[in-house]
Amino acid sequence: MSTLRALAKAQALAAGVAQPVATVRHLHLAERPLVLVPLAMAGEANAPLAALVGAAPDEARLLIVPQPRNRQQRFAFAAELAGILLPYLDSFRGVTEAAPTDRGRDVRHRYADAPQLLVPNPAGVTFLRLLGRSTRFRRPDGDHPVHPSVPLLGRWLTFFAERAEHPGSAALLAMTEALTLHWATGQSAVEDLHLPALLGWIDPPAGLTGAAAAARAEDPTICPPAGPATDPDFDNRLLAPTIAAYAEAEADPVARAAAYAELERLLRDQLAPTWELMWRGVGLLRALPPGGRVAGRWDGDKDAFTGYAEHLDAGGGPQPRRDGAVAAAVRLHRLERALTSYAVQRAYDDPLVMAEHRLTGEAFVGDVTLADPKRVDDTGKRPVLRPRIQVVTTEPVPMPVGATLWSPARPAQKARVVFVTPGADGKTEVVLELSGGMGRGLTAPPGTVPEVGERLCLTTLSDAFLPAGNFPAPEETPWTHGGPPAAAPPVDGAGVAEGGAAPGSDGDPTEEWT
Amino acid sequence: MTSSARRLAGIRGGVPPRRHNARTIAALTGNPGCTRRAVLDSAGVDKPKLAERIGFPARFGQSRFAITRGNAFEAQVKADGGVELLRLVAERLGVPVPAGASWTDLGGADDLPDRHERSRAALTDPGEGAALFDHPLLGLDVAGQRVHLEPDLVAARLAGRFHVVEIKSFPVIDGQADPAKVAAAAIQSAVYVLALRELLAAEGHDPEQVSHDVVLVCPRDFANRPVASLLDVRKQLLVLRRQLDRMARIDALLADVPADFTADLTADPATLVAALSTVAARYAPECLAACELAYFCRHEARGHTTALGRPVREALGGINEVSEVLALAAGERAPDPEQAEAAALLRAAARLRADALAGDPA
């Protein structure tokens, strides 16, 4: 927690309403995001109980599982969900766009837009990940056949769950995280996980403070939990008798239909408030202007979506239960790079985020007081353009002489610290030598060198391209990491013995889900 | 009855102390620095009722679906005299699966002294063969009172060592389980290890006969087939011992508690609230998941930086009150010498925030 964010929390508590911690929206928001509010059955291993799904506030579709312990009904739920999700995904596969690749030397095509899934909280992301895990190895044939769309659903859900771990991706978002990225409440991070309480702070109903609205939201009889876990009292008092009534009415079609309708009504009542909150959250986020680098990160999601769609089109198998050593190292490296770049991009896009870095001495803001845009360094073999500027700041400048700084206004330009001179009036003069971002000639084009009077932010954070690391091929996995994996497992786990416990096995199609 | 025991009984009022179980003892380790909790738990006060009485009811309901599922899984694992369980445990421990094992169910009868005696006799019987003991009745001293534990657990004696076997119904999917649930199971198992060791030591046996490796049996993946994992609970044992020692020294804590302190449920709610406020709590948001009194303590801690979470408090330089933070940040208040550094940081933060929100170009 940065001091700046912590201070925003203190201010939120005093003001009685959440305070902004961002001035722009740091994530892409689709025109028609698919909102998914899942509920799970208590005590079971990720057994779906119900879900509200839809891409617009008035398009909510309720899916329920009247007997959540029944295997057939679970897969029927998965097939029903696939019947909504897969057509939604396909709707993004019509239009493609050209994107430069290999630093502009080549062009490849990707889908012009990508799907976006929204769930209420991180537990919702976990629910989808496990639902993906429990369905992606299923088979439409064999002993326990499922609808062909079920394994496809599993693969896509796994794809989204993996994207959700990728910093800066907006393919699958938890609403609580999307909101706390932009607002600080007067309650703790634990309490912020409760979507109704969080929105109570951000957008309290008229006449209520954020604290009062959050307190009200904690009463499960007024405000059902945002799932996937249900309120135990609801389970015991309402859900259990209704499920029992449904089960007992097996022989009587009329009574069974009535029990089913009652179950639908109960579950809809539990889900509908969260549904409303999800769209209120979408509205609040949409009201913020997007940050400058948001579209670039969404391009990454479009690339990933295109890549995975092509993998499936080519008959690619499901994601393995566990990554091999090389795949895991590559993935970790990719996530680390994404995390670094995401943090830098948010700071570049948003002065309020950059302020956190100014406070910790990673950035300062000052006024340009001198500029020599024509300065040429001819001490080397060839003369090169090396303009110098002097910046005066009231902020501390802990960067040493020789350090390289960047400015969000000119991200391609490096500024090397030449002199740092603390003044008597608490101000500091910093002389910087510039290189890059000024064309190839010995004269800087207008606007490429900061002019006297310009207010400039300089930071050690760099949004420059991070080269990818080098990793061995899987068949060259060093012995320190278990050596090369055994022969590639059969696709779809075919031929794996009952139990599927063989190391490296790709899942077990006979694995029960009971 | 010692003076402390009399004092604790007085605090509780005219009711017998609330019975502890492994879950409540495990919960004691959650916030060891909280005096209020140590005193109330030592006195055996019915905290859920107390919280309700003062208008801050706890929300620790359990779904009957979860209970049913837990019982069904346990029954399944223990079926057939524990044959499957014995195989799982032996394979996980890497010892040869014994051809057979005795199965002793020590549960059943309500007569506590008799059950305790049977458990003691069975567990200290110098048998060498593989044996499984179901529902042993164990005891622990908590704050000077003997607490009986009736675990739904199995103590397995294999290759001359005892292992606590804990059966839980949360799934282990691809070798991973919910970390919070594993942590809770580990600390609960540590309570049993401790109690089992005390029982052996009291009979002159080596307490180290009880392994610190606990066997956790859970459903594997999405099915009902059980899988066994080993949990090393040495760290939990340390934490537990420290907190039990602290509660054993309750005299020292009670010395700072006002003489008229009461948690008697028949008292007036206003009296109870007034009394509670005389014994310091150490509220943190994590309490909400662990302590029945947490909603009251949270209410009381309003306006304090700790209520926003420990990381927030640290980021604010450890200043206690939110109003003080804001006054220092606004420069409306001269900082104490030890706050000078924090105050400078807060002032800088406030200025930067205000600038950025005012759209000052940066």
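Q: Which residues of α5(B) are buried?
A: B:Phe65, B:Arg69, B:Phe73, B:Val77 and B:Lys78 are. Buried means that 20 or more other C-beta atoms, placed from the backbone, lie within 10 Å of the residue's own; 12 or fewer is exposed, and in between is partly exposed.

Q: What sort of model and numbering is this?
A: This is a predicted model, in which local features need pLDDT of at least 70 and side-chain atom pairs count only at pLDDT 80 or more, while totals for chains, interfaces and linings use all residues. Residues are numbered from 1 along each chain as its sequence is written, and chains are lettered from A and ligands numbered from 1 in the order in which they are written.

Q: What are the scores?
A: ipTM is 0.89 and pTM is 0.90. Chain B has an average pLDDT of 85, with 97% of its residues at 70 or above; pLDDT is the predictor's confidence in each residue, from 0 to 100.

Q: Back to α5(B). How many residues does it have?
A: There are 15, residues 64-78, and from first C-alpha to last they reach 21 Å, close to the expected 21 Å. That expectation is 1.5 Å times one less than the number of residues. Helices here are DSSP runs of H or I, at least four residues, and strands are runs of E, at least two, numbered from the N terminus.

Q: And what comes just after α5(B)?
A: B:Asp80, with a positive phi of about 55°.

Q: What do the buried residues of α5(B) pack against?
A: In chain A, α9 (232-248). In chain B, α6 (83-93) and the strands β2, β6, β7 and β8. Contact is counted when C-beta atoms, placed from the backbone, lie within 7 Å.

Q: What is the strand order of the sheet in chain B?
A: It is an open sheet of 6 strands, β1-β2-β5-β6-β7-β8, with mixed pairing. Pairing takes at least two DSSP bridges between two strands. β1(B) and β8(B) are the edge strands, each pairing on one side only.

Q: How do β1(B) and β2(B) pair?
A: They are parallel, over 4 bridges. B:Thr104 has B:Phe133 in β2(B) as its bridge partner.

Q: Which strands of that sheet does α5(B) touch?
A: β2, β6, β7 and β8 of chain B, and the direction of α5(B) makes about 140° with that of β6(B). Helix α8(B), residues 179-202, also packs on the sheet; α8(B) touches β5, β6, β7 and β8 of chain B, at about 145° to β6(B). Axes are lines fitted to C-alpha atoms, for helices over the stretch in contact, and angles between N-to-C directions run from 0 to 180 degrees.

Q: Switching to the interface: how many residues of each chain are in contact?
A: 47 of chain A with 43 of chain B. α1(A) gives the largest share of the chain A side, 10 residues. By class, that side has 25 nonpolar, 10 polar and 12 charged residues. Nonpolar covers Ala, Val, Leu, Ile, Met, Phe, Trp, Tyr, Cys and Pro; charged is Asp, Glu, Lys and Arg; the others, Gly among them, are polar.

Q: What about chain B as a whole: how many helices and strands?
A: 15 helices and 8 strands. Of its 362 residues, 41% are buried, and its C-alpha atoms fill a box of roughly 80 × 55 × 40 Å along the principal axes.

Methods. Contact = placed C-beta atoms within 7 Å.
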